[in-house]
Amino acid sequence: QVQLVESGGGLVQAGGSLRLSCAASGRSLNNYVLGWFRQAPGKEREFVARISWSGGSSSYADSVKGRFTISRDNAKNTVYLQMNSLKPEDTAVYYCAARFFWRSDFDSWGQGTQVTVSS
């Protein structure tokens, strides 16, 4: 498994932006699909975005499409989530995750970083 550490969370006003980072250690991320998930208080964890091992394709939850962008820098072993036009409903703990490209489930998770959007 891969060790993942998120950073970049914080408090921001509605309409603002944040960029989350997730750095990996233990092994290279070159052959891993990477994703971001989030969990709001009292709710189940939900998918936010994912990016292929090559960075050539990505997908997003409908709720964040057009506002969030996932990217990766394999040389730095890091994945990013640029979040723009933030809304109070984006408030959650954000987790990055990784899975080897041929696996179906994400099996490496970070500890999470809190994002709070005030109205």
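**Note on the predicted model**

1. T78 touches S21, C22, A23, L29, R72 and D73, leaving aside residues up to four places away in sequence. The model is a predicted one. T78 belongs to strand β8, which covers residues 78–83. With a relative accessibility of 10%, T78 counts as buried, because buried means under 20% relative accessible area. Its side chain also reaches the backbone oxygen of K76, at 2.8 Å.

2. The largest nonpolar core holds 29 residues, and those touching the most other members are W36, V48, F68, V79, L81, M83 and Y94. Several strands give two or more residues to this core, among them β3 (18–25), β4 (32–39), β5 (46–51) and β8. Strands β7 (68–73), β9 (92–100) and β11 (113–118) are also on that list.

3. Not counting residues up to four places away in sequence, L81 is in contact with L18, R19, L20, W36, V48, A49, F68, T69, I70 and Y94.

4. S108 is placed in strand β10. Its relative accessible area is 2%, so S108 is buried. The side chain of S108 reaches the backbone nitrogen of V2 at 3.1 Å. Beyond residues up to four places away in sequence, S108 touches Q1, V2, L4, C96, A97 and A98.

5. W102 is located in the loop between β9 and β10 (108–109). W102 has a relative accessible area of 56% and is therefore exposed.

6. Side chains of opposite charge can pair when their charged atoms come close. The structure holds five salt bridges. One of these joins R38 and E46, whose closest N and O atoms are 2.6 Å apart. R38 is buried, at 5% relative accessible area, whereas E46 is partly exposed, at 37%.

7. A salt bridge also joins R67 to D90, with 2.7 Å between the closest N and O atoms. This pair links distant parts of the chain, the two residues being 23 residues apart: R67 lies in the loop between β6 (58–60) and β7, and D90 in the loop between β8 and β9. Both R67 and D90 are buried. Together, R38, E46, R67 and D90 are linked in a network of salt bridges.

8. K65 and D62 form a further salt bridge through their side chains, at 3.1 Å from N to O. D62 is exposed, with 67% relative accessible area.

How values were computed: Residues are numbered from 1 along each chain as its sequence is written. This is a predicted model: local features need pLDDT of at least 70, side-chain atom pairs count only at pLDDT 80 or more; totals for chains, interfaces and linings use all residues. Side-chain values use heavy atoms; hydrogens and water are left out. Helices (H or I, at least four residues) and strands (E, at least two) are DSSP runs, numbered from the N terminus. Buried means under 20% relative accessible area, exposed over 50%, partly exposed in between (1.4 Å probe, protein chains only). A polar contact is a pair of N or O atoms within 3.5 Å; within protein, one must be able to donate a hydrogen and the other to accept it, and residues adjacent in sequence count only if both atoms are side-chain atoms. Contact means heavy atoms within 4.5 Å. A nonpolar core is a set of buried Ala, Val, Leu, Ile, Met, Phe, Trp, Tyr and Cys residues joined through side-chain atoms within 4.5 Å. A salt bridge is a side-chain nitrogen of Lys or Arg within 4 Å of a carboxyl oxygen of Asp or Glu.
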